[in-house]
Amino acid sequence: MPMKLGFGLYRHMLDDAHYRFARQCGATHVVVHLVDYFKQGGDANARVDQPLGDLHGWGRAGDPDRLWTVDELSSIKQDLARHDLEWAAIENFDPAHWHDILLDGPRRDEHIENVKTILRRMGEVGIPVMGYNFSIAGVAGRIKGAFARGGAEAVGMDGPVDDPLPNGMVWNMVYDPDAPSGFLPPVTHEQLWDRLYRFLRDVIPTAEEAGVTLALHPDDPPMPTVRGHARLVYQPRFYQTMADLHPSPRNAMEFCVGTVAEMTEGSAEETLDLHSREGRVAYVHLRNIRGKVPNYRETFIDDGEVDAGRILEILHRNGFEGVVIPDHAPSMTCDAPWHAGMAFAMGYMKAKIDGLRESECC
Ligand SMILES: [Mn+2]
């Protein structure tokens, strides 16, 4: 089985028009975000691109008392199937459901049960992968501008962001709007690695029973700290640290090529080669960048420091059978900036993947 071309859809995109668009771009698989990052959008976080936000984050997390139900998941799966699309993965837990696992808070046991329930329901519906970030500050501190070729609007970073994180917020979302004022005490690297270790220890047995793979996204942006809080996988070598925490094949990676390329050490190609050879990669985010943290820019897929064709060759050579999605792309100047940017990335990836398949066949 060769690798598959997939497409990532945000919560507000779970409709027929976006399913058709993904299929028209050549996707056979879809990665679904069930957390709505855009509920309190405003200008800083409009539903026109990837979520950006400001120091207040992306907005409110979901309902802490309502986990995703089997009915809800089955209905999305059926909708996808009607469009010839397979559900490859859910991307990201809702902070409302698991914040005290990240924060090691008083509700941690309850939140571990939440994660187990979600994994069991995924297994029941047949969703094979759960992508997640294990991060206190989350995706914070990025800017947007006409950074990409031809002045296309893209995301980047211009220096570190060290403003402290308010109480009630985690992973760039507000889970408790009534939290007392003040700031979250910074977490150290040792504390956070210990929290990830205990998380995997507690939930991997359920993931194994359910047949669901947990797939860790590296820290985006990959800084040693963001908003004063330590990060885990902010250099390529820390992916190995994560792999060593639990030997189960259900402990895997959501390998984000762009994020790994933004790291100040190592190379995305070598890191991907190592872990895809060992079968540790559940699925791949493929996008391109120029620069390193804390100063980088996202670029068109053919235009940055990553050789995206070479990335796909490495995956093909290592027998990777999972899904590759474009992550995000610069917005193009036209009536449908997001669609055009994503379609460009999809066309590029589809041509490369088809070429790899053909070079093998005859
Ligand atoms: Mn990514």
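**Strands, helices and burial**

Tutor: Strand S10 (residues 213-216) and S13 run parallel, joined by 3 bridges. Helices (H or I, at least four residues) and strands (E, at least two) are DSSP runs, numbered from the N terminus. Two strands pair if DSSP finds at least two bridges between them. This is a predicted model: local features need pLDDT of at least 70, side-chain atom pairs count only at pLDDT 80 or more, and totals for chains, interfaces and linings use all residues. Residues are numbered from 1 along each chain as its sequence is written.

Student: In S13, which residue is the bridge partner of alanine 215?

Tutor: Strands of a sheet pair through backbone hydrogen bonds, either parallel or antiparallel. Here alanine 215 has alanine 252 in S13 as its bridge partner. S13 also runs parallel to strand S14 (residues 281-285), with 4 bridges between them.

Student: Is strand S13 buried or exposed?

Tutor: A residue is buried if 20 or more other C-beta atoms lie within 10 Å of its own, exposed if 12 or fewer, and partly exposed in between; C-beta atoms are placed from the backbone. In S13 (residues 251-256), 6 of the 6 residues are buried, so the strand is largely enclosed by the rest of the structure.

Student: What is the order of the open sheet of 3 strands?

Tutor: The order is S3-S9-S8, and the pairing is mixed. Strand S3 (59-60) and strand S8 (169-170) each have a single partner strand, so one side of each lacks a neighbour in the sheet. S8 and strand S9 (residues 173-174) run antiparallel, joined by 2 bridges. Methionine 169 has valine 174 in S9 as its bridge partner.

Student: At what angle do helix H2 and helix H4 pack?

Tutor: Axes are lines fitted to C-alpha atoms, for helices over the stretch in contact, and angles run from 0 to 180 degrees between N-to-C directions. Helix H2 (residues 70-82) and helix H4 (residues 108-125) pack at about 40°, their axes 10 Å apart. That makes H2 oblique to H4. Angles under 35 degrees count as roughly parallel, over 145 as roughly antiparallel, 65 to 115 as roughly perpendicular and the rest as oblique.

Student: Is leucine 73 buried or exposed?

Tutor: Leucine 73 lies in helix H2. It counts as buried, with 21 C-beta neighbours inside 10 Å. Its C-alpha atom is separated by 8.8 Å from that of isoleucine 127, 54 residues apart along the chain.
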